[in-house]
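Here are my notes on this one, for when you have a minute. Have the viewer open while you read.

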Amino acid sequence: MLLKGARAREIKDSRGEKTIEVEINGCKASSPSGKSKGRYETPSFHKSLKWNVDFINKTKFDIEIDEFNDLGKVEKFIKQKAKLKNVREFGANALYAFESAMLKAIAKEKGKELFEIVSEGKTIDKIPVPVGNAVGGGVHSHNKEHPTFQEFLLIPKEKNVKNNVRIMKEVYSKIGRLLKSKVKNDEGAWQTNLDDEEILEILKKFNNVNVGVDCASSSFYCDGEYNYKNKKLDRETQIHYINSLIKDYNLLYCEDPLEEEDFKSFSKLKKSEKNMIVGDDLTVTHIDRLKRAIKMRAINAIIVKPNQNGSLLELKKIFEICKKHRIKTIMSHRSGETMDDALADYAVGFQADFIKCGIATKWREVKLRRLVEIEKIV
């Protein structure tokens, strides 16, 4: 397929904030936007959204692209044309939407599914397990007395995706009734004034799901202390507290339990086949920080957000490194989502272990529906 040019435009995400959509040969791709951002993640755009839109609309590419690895030709062209030191300087949102539109166009021309282009013909051995945000706190919630932790997560135990999605929705509804909550946050999670452990007491009652938390600890860390609603903990006490939560509530999943600079303390948290210590703000979908985390034995699982990096080629390398070092992978949405369902294809194509895409809003359910469709295909 000869890539001659592309069309880009500004659109609004689920929070009503500006992001980018790119169209190539009738195939549209868009990028979400994050609200809870790691300090080291790639900026969304180069100079501005307008700059990226104008660059894509006005540039003539004339590049032959026929397979996934041909993205390298395009990245090299962009780097030279825009005079960048690194292609990520183009902006993660813009680069991801552009590359995703290209892969969709290749899939269309070849009469294949997007995940087949991403997997490069390799056998699909598994479908990622969905992870859903049921109760919200932290920066995603608007109530004054919200929980300190950012997300309280459901991870269903079935092997079938359709059944897992059904279970998540059923448990999510029951939790809403138990909380007596009618208000939802940015990601469709229930809002409540309960403390973190009060919520975990409710979640542990459900036998058909595993429980997880996204602590987003950097958001409540200041001057050497973790500032909870009713207490302050130093680093060593925070390590002890997180380990006790994992044990007491049988947490399968614990994301960003310490602030984003503290690789050493991450290494002191208990990790096993029965629980995952997950890096997100710590690793921000960047290869160098992933390698550092592996070297220091800081994590045994990682969040992968395409628009934290931008380059789908680098995402491929990240998955290869994780597989080599037995690091579990969680392909993840952002708080400001679009109706693009390609996240499911990337999760399957790259063979992620989990896909984190919410439960209760149309922007997230579209990814789950696509995952169910893919399961039928493979």
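The points below go from overall shape to salt bridges and surface charge.

1. Keep in mind that this is a predicted model. The protein chain carries 13 helices and 17 strands, and its C-alpha trace spans about 60 × 45 × 40 Å along the principal axes.

2. Does the radius of gyration agree or disagree with a compact globule? It agrees: for 378 residues the rule gives a value near 21 Å, and the protein chain has 20 Å. As for burial, 61% of the 378 residues count as buried.

3. Salt bridges come to 24. Have a look at Lys356 and Glu255, whose side chains meet at 2.7 Å, N to O. That pair links distant parts of the chain, with Lys356 in strand E17 and Glu255 in strand E13, 101 residues apart. Lys356 is buried at 3% relative accessible area, and Glu255 is buried too, at 1%.

4. Another one to check is Lys367 with Glu337, at 2.8 Å from N to O. Lys367 lies in helix H13 and Glu337 in the loop between strand E16 and helix H12, so the pair ties together parts that are 30 residues apart in sequence. Both ends are buried: Lys367 has 1% relative accessible area and Glu337 has 3%. There's also a network, in which salt bridges with shared partners join Glu113, Asp345, Arg370 and Glu373.

5. For contrast, Arg15 forms a salt bridge with Glu17 at 2.9 Å, and Glu17 is partly exposed at 38%.

6. On the surface, Glu64, Asp66, Glu67 and Glu109 gather in a patch of negative charge. Glu109 sits in helix H3 and is exposed, with a relative accessible area of 51%.

Key:
Residues numbered from 1 in each chain as written. Predicted model: local features only at pLDDT ≥ 70, side-chain atom pairs only at ≥ 80, totals over all residues. Heavy atoms only, no water. Patch = residues over 30% accessible without salt bridge, like charges linked within 9 Å, V, L, I, M, F, W, Y side chains within 5 Å. Areas by Shrake-Rupley, 256 points an atom, 1.4 Å probe, with all protein chains shown as cover. Salt bridge = Lys/Arg side-chain N within 4 Å of Asp/Glu carboxyl O. Lys, Arg positive; Asp, Glu negative; His and termini not counted. Charge placed at Lys NZ, Arg CZ, Asp CG, Glu CD. Helix = DSSP H or I, 4+ residues; strand = E, 2+ residues; numbered from the N terminus. Buried < 20%, exposed > 50% of the residue type's maximum accessible area, 1.4 Å probe, protein only. Rg over C-alpha atoms; globule rule 2.2 N^0.38 Å.
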